[in-house]
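Welcome! Take a look at it first, and then read on.

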Number of protein chains: 2
Amino acid sequence: MSGHYLGLDLGGTKIEAGVLTDAGAILARRRIATSELRDGPETLPNLVRLGLAVMADAGVDRVQGVGVALPGPVDQNPLRLLAAPTIPEIEGVPLDGPLREAFHVPVAGDNDANACALAESRFGAGRGQRHVVYVTVSTGIGGGIVVDGRVFRGARGTSGEFGHQIVAHGQGPRCDCGATGCLEALASGRGIAWRAEAWLRYPEAPASALRGREPLTAEDVAAAARAGDKLAQEVWTETARCLAIGLSNVINVLDPDVIILGGGVALGAADLLLPPLREWVDRICMPSLSRHTPIVTAVLGADLGLIAAAVLAMPAAE
Amino acid sequence: MSGHYLGLDLGGTKIEAGVLTDAGAILARRRIATSELRDGPETLPNLVRLGLAVMADAGVDRVQGVGVALPGPVDQNPLRLLAAPTIPEIEGVPLDGPLREAFHVPVAGDNDANACALAESRFGAGRGQRHVVYVTVSTGIGGGIVVDGRVFRGARGTSGEFGHQIVAHGQGPRCDCGATGCLEALASGRGIAWRAEAWLRYPEAPASALRGREPLTAEDVAAAARAGDKLAQEVWTETARCLAIGLSNVINVLDPDVIILGGGVALGAADLLLPPLREWVDRICMPSLSRHTPIVTAVLGADLGLIAAAVLAMPAAE
C-alpha cells in the first residue's frame, strides 16, 4: 500500500520534520533549532506541533506512521532516549505513547546511525542489497547493520558500535570509552587531529604547513594534504589504514554485501580516504572476501537524516 | 512434529554419523576414520552406507532430514565444500543432490563452526537465548552467529571469521591469512605456543620450566602455568587479554545475549583463560554492554559435532 510517513529527525543542534512518500520522496520539510524545542513540559507538544505543521505544508491530513531518529542510545520499549547530553529535556521520556496519541498511527524510533543505515539500505547506496553495513565517520565513529531490510539491533539495541572495536591493542590515545586502541580514537575526526598534532611533535617530523596552527581539525589536515603537505598526507594514509582494519574486521565477522561510509569526515575527505582504504582492505582482508565487498559513500546527502527518520516507520519491503 | 534426523559430521580425521531425536538425543552413532571414506568414486556411496547403517542401528527406517557438518568453507547452492585440504575427494563435489536422492528427504549443511554455534544455541549453553555467538579456540579461531534460531551466514556464508579480526595493528606474528595482528595469530593454540617461545628468547625472561622444551604446545604452557610457572602464567594472561579484545569487539558490533567458547584450547584451559578474560572484557567493553553479556563454555562436550550436524536439518524452533 502506498502512503505517507512523518519523519522527525531529532539532532543536538536542529530538529527536522518532513512528510515523505513510501518511495522516499520528501513532500515537505521544516526545520527548527533544537533550542526552540526546549520548553520544559511543552517539549513534546512543540514536537507534535512541528509535525502537524509540516503535514499541513504537504497537504496531508493523515500519515501511515511516524518515525523518530534520536541522537543517542535508544530503548525500544517504551521508545526513549537513554542518554541525551544534547537534548536533556527528553532523556528517558517515553516518546511513542504521546506521539501515537497525537497522530493516531504507529510510532517507530531508533538511534540516528541505525536509521541512516536503514535509509541508505532502502533508498541509497545499499539499494537492492540484503546485508548492508553503514559506518559513519565524523567526530566519532558509529554505524548500523541492516539485514533483509530490517535493522539488526542485537540483544539490547547496542549493535553497530564499530568505533569501539579495538584495532591497535595498547596504541593511540585513550578513547572516551576508557579503552586504548579503539577505532574511534584512531580514525575519527578527533583521531585525525590527534595524530597530526602528535606527529608534529616528533623531532624528525617533516616541514609542514600545519605547524603552529594547533589545535587542528580534520578539515585543516584535509586541506593541507590536498595542497601537497607530506605530513598531512601521511596522516590520512595512516587513518585509512586504521579504518581499513576496522572495516576488514566487520567484513570478517558479518560478511556484508556492501559497506557504506557516511558522516562528515568520510564524505568530506573521501578523495583522501577511499583509495588507500580500498588498498589496505584488499591487503589485510582475505582476497575471497574483500573483492566481493564494495566500500562506497552514502548518496542521500543532506536528505539522509530526514529520510532516515521516516524510513523507520515504513514496513520492511518484501 | 517430532521426528528423527540423520547427522553426518565430516571431519579431517574421522567421520561420525548419528540418528538424533528433535530434542537432540542421540539414538545411535557410528564412527569411521576419514581415510575409510576416501575411496575415489565410492566416497559418497560410502557415506550413504554409513548413514543407512546407523539408521538400522537406531531401528529407524526414515528420517525427517539429513544434516551435514563440513570442515571448511561451504557453498550452499549446491551444498559443497569449497576448500578441503583434509578431504580433497569431496572438494567442490555437490553433496545435497546425491544425499537427497539416497535418503529421500531434505539435506542441509554448513561449516562445522556454524553448525556448532547452532547446536549450542539450541541444545547447549545458549538455550533460550535469541542472539548467540559461538567462538572456537583451538589450533585456529573461528565461530558462528545464531540469531533467532538461525545461522547468520552473511552475504556469502563467510561470517563469523572471528579469528581474522585484527586486534593489534602491526603486532605479533604474521597470520596464515597474510595479515599481522589477527586474533588467531595471537590467541589460538599456535599463538600461545608462539608467545611462550618468543618470551623465552627475551634476555630478561624469568626462569621457566618451559625452557629447552621447544617446540611448545598450548598444553605444555597450560601444564606449566598450573604448576606455578610465572612465564607460562603471564602467557595465559596476555592470551586472555588478546581474546578479551576480540570478544569485546564482537560485543560492540553484534550485542549478543551470550558468547559461548568452544574448541580444545578454550575448553582445556578454561581455568586459566576465563577469569582474566572476564576481567579484561569488563575493563575494555563499555560496562553497560559487558555486564549483560555472559561468556560461558560450550556444554555439549564430545557430542557437539554430531548434534551440530543433525541440528542443521531441523526446522528453526518457533
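By what turn and what shift along the axis can chain B be laid on chain A? A turn of 180° with a shift of 0.0 Å along the axis does it, and the RMSD is then 0.0 Å. The two copies are thus related as by a two-fold rotation axis. Please keep in mind that this is a predicted model.

**How the copies meet**

- Of the interface residues of chain B, 100% are also interface residues in chain A, so the copies meet through the same surface.

**Chain A as a whole**

- If you are browsing the secondary structure of chain A, you will find 12 helices and 12 strands.
- The C-alpha trace of chain A spans about 65 × 45 × 35 Å along its principal axes.
- Chain A has 318 residues, and a compact globule with that number would have a radius of gyration near 20 Å; the value for chain A is 20 Å, which agrees.

**Helices H2 and H3 of chain A**

- Helix H2 of chain A covers residues 43–58 and helix H3 of chain A covers residues 96–103.
- Their axes come within 11 Å and cross at roughly 40°, which makes H2(A) oblique to H3(A).
- The crossing of H2(A) and H3(A) is right-handed.
- On the H2(A) side, the contact uses Leu44(A), Leu47(A), Val48(A), Gly51(A), Leu52(A) and Met55(A), while H3(A) brings Pro98(A), Leu99(A), Ala102(A) and Phe103(A).
- Sorted by class, the contact of H2(A) with H3(A) has nine nonpolar residues, one polar residue and no charged ones.

**Helices H6 and H8 of chain A**

- Next come helix H6 of chain A, residues 189–200, and helix H8 of chain A, residues 230–254.
- At what angle do the axes of H6 and H8 of chain A cross? They cross at roughly 130° and come within 10 Å, which makes H6(A) oblique to H8(A).
- H6(A) passes H8(A) in a right-handed crossing.
- From H6(A), the residues in the contact are Ile192(A), Arg195(A), Ala196(A), Trp199(A) and Leu200(A).
- From H8(A), they are Leu231(A), Glu234(A), Val235(A), Trp236(A), Glu238(A), Thr239(A) and Cys242(A).
- The contact of H6(A) with H8(A) includes eight nonpolar residues, one polar residue and three charged residues.

Terms used:
Residues are numbered from 1 along each chain as its sequence is written. Chains are lettered from A and ligands numbered from 1 in the order in which they are written. This is a predicted model: local features need pLDDT of at least 70, side-chain atom pairs count only at pLDDT 80 or more; totals for chains, interfaces and linings use all residues. Side-chain values use heavy atoms; hydrogens and water are left out. Copies are superposed by least squares on the C-alpha atoms of residues with pLDDT of at least 70 in both. Contact means heavy atoms within 4.5 Å. Axes are lines fitted to C-alpha atoms, for helices over the stretch in contact, and angles run from 0 to 180 degrees between N-to-C directions. Helices (H or I, at least four residues) and strands (E, at least two) are DSSP runs, numbered from the N terminus. Angles under 35 degrees count as roughly parallel, over 145 as roughly antiparallel, 65 to 115 as roughly perpendicular and the rest as oblique. A crossing is left-handed if the near helix is turned anticlockwise from the far one by less than a right angle, and right-handed if clockwise. Ala, Val, Leu, Ile, Met, Phe, Trp, Tyr, Cys and Pro count as nonpolar, Asp, Glu, Lys and Arg as charged, and the others, Gly among them, as polar. The radius of gyration is taken over C-alpha atoms; the globule rule is 2.2 Å times the number of residues to the power 0.38.
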